[in-house]
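I opened this notebook to keep track of what I looked up. The entries follow in the order I made them.

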Amino acid sequence: FRGHVSVLPTMGKGGNKTPAATAEEKLSGDCWDANKLSKEDEWIGKLDHEAFRKDVQDLGKKLAEQQGPADVAHLHKIVMWSRFCSYFGAATCWIPMLPVQLMSVFLMSCGTMSRWTIIGHHVCHGGFDKVDTTKRYNRFTFAVGSVTKRAKDWLDWMLVEAWNMEHNQLHHYHLGETTDPDLVEHNLAPLRGWPLPMFAKYLAVVWMACTWKWWYYAPNTYKQLKVNKLRREGHQISEEEAAVPCTIDLSFLIGGCQFFGPMEFFWKVLGPYFFVRFMLTPLPFLAFDVAVGGNGVYAKTAMYSLVFAEILTNIHSFIIIATNHAGDDLYRFNCHCTPRSCTFFLRQVISSVNYPLGTDLCDFMHGWLNYQIEHH
């Protein structure tokens with residue numbers, strides 16, 4: 001990481017005050033209590049932070065005014081692409097021919113990925129609230145309120161209300177901080193500290209990439225929802241308690257975590273997606289097997305395709321999401337800043353990564369996350 005530089009007076013309104021002068025020179029990027037900008041960070045001292053804040057706010061207003069029917073039409077096109085991937089992939093997942101199976105796995109993976117990263121993600125941010133007159137894609141109604149709405153709009157391992165809390169509020173307003181629940185470097189600190197050979201650590205990362213949505217992300221987003229609810233009820237929960245990672249391991253299966261039990265979690269969070277994806281979807285192919293005397297080959301093929309599609313969509317989303325906030329040249333921060341201040345806007349730029357490509361197909365495969373700076 002580049003280190004914490006907001007201790008310097010050049011960070012502008014919303015940042016920290018200037019620390020007391022010290023005799024020892026400490027460069028930014030080397031320690032949290034830096035008192036001098038390193039060569040790589042000298043641009044910070046030359047930036048007019050208040051002018052930068054005004055430029056960002058003015059640009060935001062200008063772009064908001066340009067929203068209209070073209071944006072809704074583009075959303076509908078991407079929804080159509082996503083549905084085609086999911087429906088055609090599911091409709092062919094039972095065919096026991098390797099090329100067809102590979103196509104089916106790929107399409108179902110893309111359908112799941114795009115329903116989250118492109119449609120659910122941007123709708124839940126309120127990106128279409130002002131232009132979608134039907135209110136079909138409105139953040140206050142999309143996939144929330146009931147299992148039926150969740151199944152209809154966006155069914156995934158994560159409970160949508162929990163994801164909204166974890167991502168929209170905590171990640172976006174604590175970007176690059178220790179309290180950012182999506183800070184990859186911080187979350188993987190225990191792995192780096194384990195006394196294991198490097199190849200074993202790489203294997204652990206491979207496991208995480210293949211399973212992270214249900215193994216890590218679903219329980220952690222639900223944990224943040226429960227923490228928020230408890231705090232609103234008057235319970236005192238420290239940031240250290242709230243930041244403890246929650247993963248599905250043996251201790252969780254036996255006793256859950258301190259905020260909820262395993263049965264509540266599996267019934268309310270994982271259960272609906274598991275039921276629809278791995279029980280309801282293969283059912284027609286099992287019936288077809290019985291009808292034609294297929295000896296289970298079609299049902300097994302469907303189940304294999306569904307499992308491999310799940311693994312692939314985990315890997316795909318891991319690759320396009322983790323890299324947006326990971327890298328040696330990204331900044332980290334050990335304090336909070338005022339939302340919508342110049343410091344806040346600056347952090348969105350220097351702690352996010354862009355991968356601009358420019359065509360709908362390329363952007364689709366990136367989950368439209370390759371414009372992460374603009375997104376933040």
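What covers the buried residues of α3? I checked contacts, meaning heavy atoms within 4.5 Å. The cover includes α4 (98–124) and α16 (360–365).

Before going on, I noted the ground rules. This is a predicted model, where local features need pLDDT of at least 70, side-chain atom pairs count only at pLDDT 80 or more, and totals for chains, interfaces and linings use all residues. Residues are numbered from 1 along each chain as its sequence is written, and side-chain values use heavy atoms, with hydrogens and water left out.

**Helix α3**

I looked up the span of α3. Helices here are DSSP runs of H or I with at least four residues, strands are E runs of at least two, and both are numbered from the N terminus. Helix α3 covers residues 69–91, 23 residues in all. From first C-alpha to last it reaches 32 Å, close to the 33 Å expected at 1.5 Å a residue. The expected span is 1.5 Å times one less than the number of residues.

Next I listed the buried residues of α3: V72, L75, I78, V79, S82, C85 and G89. Buried means under 20% relative accessible area, exposed means over 50%, and partly exposed lies in between (1.4 Å probe, protein chains only).

**Aromatic pairs**

I searched for ring pairs and found 27 in the whole structure. Rings of Phe, Tyr and Trp (its six-membered ring) pair if their centres lie within 6.5 Å; planes under 30 degrees apart count as stacked, over 60 as edge-to-face and the rest as tilted.

I took W43 and Y331 from the list. Their ring centres are 6.5 Å apart and their planes stand at 85 degrees, so the pair is edge-to-face. W43 sits in helix α1 (residues 42–46) and Y331 in the loop between α14 (297–322) and α15 (342–350), so the pair ties together parts 288 residues apart in sequence. W43 is partly exposed at 33% relative accessibility. Y331 is buried at 6%.

Then I looked at Y137 and F142. Their pair is tilted, with 6.0 Å centre to centre and 35 degrees between the planes. Y137 is buried at 5% relative accessibility, and F142 is buried at 0%.

I also noted a cluster: ring pairs link Y222, F252, F260, F265 and F266.

**A162**

Y222 came up again here. A162, in helix α6 (residues 160–173), touches T221, Y222 and L225, not counting residues up to four places away in sequence. A162 is buried at 0% relative accessibility. Its C-alpha lies 7.8 Å from that of K223, 61 residues away along the chain.

**Salt bridges**

How many salt bridges does the structure hold? I counted 14, taking a side-chain nitrogen of Lys or Arg within 4 Å of a carboxyl oxygen of Asp or Glu.

R139 bridges to D129, with the closest N and O atoms 2.6 Å apart. R139 is partly exposed at 37% relative accessibility, whereas D129 is buried at 13%.

R347 bridges to E177 at 3.1 Å between the closest N and O atoms. R347 is in helix α15 and E177 in the loop between α6 and α7 (184–187), so the pair ties together parts 170 residues apart in sequence. Both R347 and E177 are buried.

Last, I noted a salt-bridge network linking R136, K149 and D153.
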